[in-house]
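Subject: A structure for you to look at

Hello,

I am handing over a structure that may be new to you. Please open it first and keep it beside you while you read my notes below.

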Amino acid sequence: MTMVKHGNFKTCAQSGFCARNRAYADLATSQASSWNPPYSLAPESIVFKNGQLEGTILKRVGVGGEMVRLPLVVTFLESGTARVTIDEEKRQKGDIELRHGSKARKERYNEAASWAIVGGLEVSVTAAVNKQTEKGATRVLYGPSNKFEAVIRHHPFSMEFNRDGQTQVMFGDRGLLNMEHWRPKIEKKEVEGEEKADDTKATEDEGTWWEESFGGNTDSKPRGPESVALDISFPGYEHVFGIPEHATSLSLKETRGGSGNYEEPYRLYNADVFEYEVNSPMTLYGSIPFMQAHRKDSTVGVFWLNGAETWIDVVKSRSSPNPLALGVEAAVTTQTHWISESGQLDVFVFLGPSPMDVSKAYGELTGYTQLPQHFAIAYHQCRWNYVSVEDVKDVDRKFDKHKIPYDIIWLDIEYTDGKKYFTWDPLTFGDPLSMQKQLTKNERKLVAIIDPHIKNEGGYRVVDELKSKDLAVKNKEGNIFEGWCWPGSSYWVDCFNPAAREWWKSLFRYDNWKGATSNMFIWNDMNEPSVFNGPETTMPKDNLHHGNWEHRDVHNIYGLTYHNATHHALIERKKGEVQRPFVLTRAFFAGSQRVGAMWTGDNEAKWEHLAQAFPMILANGIAGYPFAGADVGGFFGNPEKDLLTRWYQAGAFYPFFRGHAHIDTRRREPYLMGEPYTSIVTQALRLRYQLLPAWYTAFHEASVMGAPILRPHYYEFPGDERGFALDDQFFVGSTGLLAKPVVTEGADKVDIYIPDEENYYDYFDYTKYSGAGTKSIRAPLEKIPLLMRGGHIIPRRDRPRRSSGLMKWDPFTLVIVLNKAGNAEGTLYLDDGESFDYQAGAFIHRRFVFSQTSSSLVSENLAEAAGAKTAAYLKKMKKVRVEKIIIIGVGGEWVGRRVASIDEEGKQRKAKVAYHRSAGGKTAWAVIRDPGVAIGNSWKIELA
Amino acid sequence: MRKLNTFLLIGTAVGSVIVAESTGPRGVGPEFAKFYKSDGTFTCISNPSHHINFSQINDDYCDCPDGSDEPGTSACAHLSALSPSSPEERSPLALPGFYCNNKGHRPGYIPFTYVNDGVCDYDLCCDGSDEWESAGGIVCENKCKEIGKEWRKQDEQRKKALRSGQKARKELVRQSSRLRKEIEDGIGVLQIEIRTLELKVGDQERQLADVERSEKARLVKGPAKGGRISVLANLAKGRIEELRTALIDVRSQRDTALERVQELEAILYKFQEEYNPNFNDEGVKRAVRSWEEFVVRKNANPDVDRAAQDRDLDEISKPDDKENGIRWEEWEGEELGDTDVLYKFEEYLPKPLRTWIDNKLRDLRVFMVQNGLLADAHHSSTSDSKAVTQAREALDAARNDVNSRKSQLTNHQEDLTKDYGVDDVFRALKGQCFSKDSGEYIYELCWLGGVTQKPKKGGANTGLGNFVSIDKIFVDDEIPSDGKGLGSGDHVALRYEGGNHCWNGPSRSTLVVLGCAEKDEIWKVMEQEKCVYRMEVGTPAVCDSADEEKPRGKDEL
């Protein structure tokens, strides 16, 4: 198998603005303390009013004292988040000239927020200027109890963000702020001889200011150089995380060379990277310019809201603390350098102090994960391609025959008639309804792919409408842009255009797309956008979108606009038939979590790709987009049976769990693997299904508070420094499940790290592990290393069914894992899994508390108040009961317990209790037999 | 525990359908009813040490490690090696599933995982008894009457088809054995012929020896004049004949090569047109570029006029006779004893041959010199006389006859040892072809020949493999209602391999799996993975008489 073609993608040196800003950083570093940044905040311009500070930054250019005016706005939000925006006055006013007669807009792009931000912008009413301010600075107190402070230094312009008197985040402390202002192109006169020396120009290489060529494509760059860049430092923070999507470790590496470090910055430029490699800062399919920094007991974050090509350098300095940083002892400081090609400078600062606080605040702005359709968190069976209706039906039958659960079968591009979306191949998929009918019988679903490229073929209704309604992306001349993708010559729908989104909706209506039913959902691929013959396999940057914004400005947002349009199209495909959409995307941006799941693109059937998936999914999770997964088995190539087996065991812990394969690979559905592999894989799948109540509860937490679904150690144990960089083991939601699936070849044991002194128990055999540190767990092929942390209650449904939809009426099992004090607690969220009725109260949300002192288990209602649909839903769920309670790690007092007393809504009854003594390292456990309590009721179970 | 729904007992038992009344608790099949005699306690079937209260049977809680306390619910469905492991005691399930009475149709077991899951699994449980709890409000009406009726109708058709398939197979077997007999007879005839011909060869050998002896005697009297020229002429004639044959061979090789080039060019044109630039694969791009350059070069230097060349070659390739080529008779008995004649040789040649032969002639000369023919002009060797030649030719002819019969005999003998399947049945079918229109393509299968995919939109046929062997494979499918499917069990499968090569992959192959049918018919063609095909084919050739008695699997209806 060949590797990624590096030559197809730019390095920083090949990307003019990146090279210029790196050179600028090198110049500043080389001049050290004599570096005099040209940016000053004019003190007389500063106005603080209603939680917002405004002023003008003056950029000194040339020797004549010429100044470029850059309006600054610092907004202090009610949530405790600060937002810093810098624009360019001349461009705001449209007082510039574009080259090549370009039709592009003159402003710096100012609509990224309208895509990424959906809330949390309420301005603080309590933020106030700190009267105790030294000269040359303005201090603003804000945040909870005004414990946060922003220090705005006037010359050179820089900022510090303090919490509890300690500096957490610094802007511009290295003097790398750079806003390349608009300038006319001056054709050089050769006769004039030497250019007049002036110290700014002497350092500037104009070679990349104007037209830039790469791989045979020339970018006309009608506005010339216009990059925005800023250095952001985290004093005392050794670890930074986030800025997906990169195939790298969770804790980001340094990017300016050195042993084990990268030479290139992390790049964010959504691209269809063919056969990407692991352990690389190269760009991939999606971009979330959000970063967290973490040190012992403190987490902070920054969100660089920019949709253009962006590069981020990371270096860590071990030198003495920055004199400006208050109260920070000598420690590692992480310095980052953010460089975007165009747009405003727009940065949000989150001061934590916990990782959950940062996630919540980021989620308030960009939105939380959409509460998915319940089926969407079950197992998805995909392949490029199931070749016909018969093939799909056959795979469906074979899963049943082998008693392997699955929920969704997928159709890749070959189902269409000649790659024309919204059509069916008349020969192979001539009868899509019979296929969906068979799937629907067992509550299964179909997902079909719909990509943004529309085939340019006469007589194709969709392309005819796209053209006649003028809804496609345009080239730099303002004519429809034509490029190549799967269908050959194609056009791209421009979902920045509201009219395009309305039109897109119409295409999904059942009366327009014959053969689609309410049990069919959508997969959006190639939305980076992938353009086979374009520069870096995407669109030319001087293409024009709705409102005449250049593609350059919005490139990383395009995928979100398309995904978003599909999401909205699916909500109501027929009047009155409203349901939650499910749309998978490959390209994404901050905010994409609101509109569906993502996957990590075209990975390979190799062990290193299996190992790479968890760090990538964890990074996505902390960047607010936890509904993530990798192709189980690896997209390219044929996995060995061991690898495929381990991949299913790992996949059972992907929030988005889908098996997928390239068209050139051999078939690999689990039932084809043979024994013992098929049975082992079935166990892994059934484990996922058994734990679906816990997974759904974790998704619910993500949907209301932005909590990651797979949680890295630093989220759960922010004070345990040994866990900060761990990215091969993780916790599942708040369940206390600690998993470390095997991702290496030939392993028969794993070393799992236990962060605290609590008791941990093997999920499958109740072997007890206690004491912080590394424990060795035997892990032959059939075993998934999975521990339960003491103190949690895990909801399960143990009855194997053909699909998750068929588990709807099944009883629950509660697994109570006692902590050292003999207590445990857990939650369960449940609703119909498909409609929006939960918004009207049609859900069950319980907290289960087991108390040692009262020897009782209580179910409490977490729903704040009943809604219009609460009663009806509870009635529907009345017969759904708890069939079994397993208590793990029980003490001697349980030996004689025979009976539990149940009090449910005023009615009393008894249930039998059975005790199982400990044996050979396995803890003692007990079972309460069929307490029969309804899952939606409040009740109490006491042990004598 | 509820009683069995009474409507189960309604409905008519028809014909041969066996109706087994369950007398035990819900979900218990008649063969297990004996374990469920109520005497207050119940003993788990495979775990006799476990005794539970009889009221715990079917209370939707799993008590027995073998699940035998929950014959009528899904409470023990998790007791399986396919479920995540747990410290709870587990034995293999004691019961095959939930027993559906299916009065009016055939009773059967449905997996416990299907019980009370909110789906009416009529294909297994036509009486709807699997959904007795009405999970989520589902009501599964008893449909055994209509399903049973439909099934019996189809079963009758299947049986009919099977019977006529069996009949057809008998006919095939008869044909095969006749064909076999013919071959065996043929072998006998050939053996006799060979013996006869071998005798003839002996005669011819003797004759030749006689003639040679008498010729030698004649030669003693005086060597014939011009003998050397005769020798030369004979040698040249042989050599020319050899060259002519070689030319024909080379020409046909050239034609094959040209065809291949054309095929390759077609592939490359298609490749150039259809390759996916998405992958930005430098290798592919380079290949496309080189191909484009090749096309340019090729167009600049068009191929030589092949028609003209072919006309020349046609001329050259004609055997020598009065009109064409060299008149060898003129050379026989030629008086000139001079080697010079050889240098005038060209003058005797027809024009088109002359230029071409010029080079060859040089080779011939070299050959002759090497064999001492040109250098040693005064050697006393003599040529064979006409009589000797005739005798030798007769001998050769006789020998050829023997050899060709011997090879026929070997073929026949080998054919008899070849695998033509049980009862030699495919012998009768060999070479017969039939096809199926699958929309985009027509698929053709030739018994023990090849599998071909013919695009309907035009373009070249694709070979999906040539017959290699007869095999047996296990298939676990359900038979669709039209009967055109394999079902569960061992099936005869024909392997076809070495079809057209796949781009970037193996050569195409097809596994042809056979099921019993009245007549030859391709049921289904699937490309299971790239370039690996599977064909399901109905044919009387595999309608064993045993099929009729074969019991149906529990989940086949």
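Helices (H or I, at least four residues) and strands (E, at least two) are DSSP runs, and they are numbered from the N terminus. This is a predicted model, in which local features need pLDDT of at least 70, side-chain atom pairs count only at pLDDT 80 or more, and totals for chains, interfaces and linings use all residues. Residues are numbered from 1 along each chain as its sequence is written, chains are lettered from A and ligands numbered from 1 in the order in which they are written, and side-chain values use heavy atoms, with hydrogens and water left out.

Helix 15 of chain A (residues 870-876) holds A:Lys875. This lysine counts as exposed because its relative accessibility is 65%; exposed means over 50% relative accessible area, buried under 20%, and partly exposed in between (1.4 Å probe, protein chains only). On the surface, A:Lys875 gathers with A:Lys878, A:Lys879 and A:Lys907 in a patch of positive charge. Such a patch is made of residues with over 30% relative accessible area and no salt bridge, with like charges joined within 9 Å; a salt bridge is a side-chain nitrogen of Lys or Arg within 4 Å of a carboxyl oxygen of Asp or Glu.

Next, a covered helix. In helix 11 of chain A (residues 641-651), 9 of the 11 residues are buried, including A:Trp647 and A:Tyr648. The buried residues pack against strand 22 (379-381), helix 10 (607-622), strand 34 (631-632), strand 35 (657-659) and helix 12 (677-690) of chain A, where contact means heavy atoms within 4.5 Å.

On chain B, B:Gln204 sits in helix 1 (residues 144-221). B:Gln204 counts as buried because its relative accessibility is 12%. Leaving aside residues up to four places away in sequence, B:Gln204 touches B:Ala394, B:Leu395 and B:Ala398.

Finally, some backbone details:

- The peptide bond from A:Pro244 to A:Glu245 is cis, with omega near 20 degrees; A:Glu245 lies in the loop between strand 15 (239-242) and strand 16 (266-268) of chain A.
- A:Trp384 and A:Asn385 are also joined by a cis peptide bond, with omega about 15 degrees.
- A:Asn146 is not a glycine, yet its phi is positive, at about 50 degrees.
- B:Asp60, likewise a residue other than glycine, has a positive phi near 65 degrees, and B:Asp60 counts as buried at 12% relative accessibility.

Enjoy looking around!

Best wishes

Methods: Patch = residues over 30% accessible without salt bridge, like charges linked within 9 Å, V, L, I, M, F, W, Y side chains within 5 Å. Areas by Shrake-Rupley, 256 points an atom, 1.4 Å probe, with all protein chains shown as cover. Lys, Arg positive; Asp, Glu negative; His and termini not counted. Charge placed at Lys NZ, Arg CZ, Asp CG, Glu CD.
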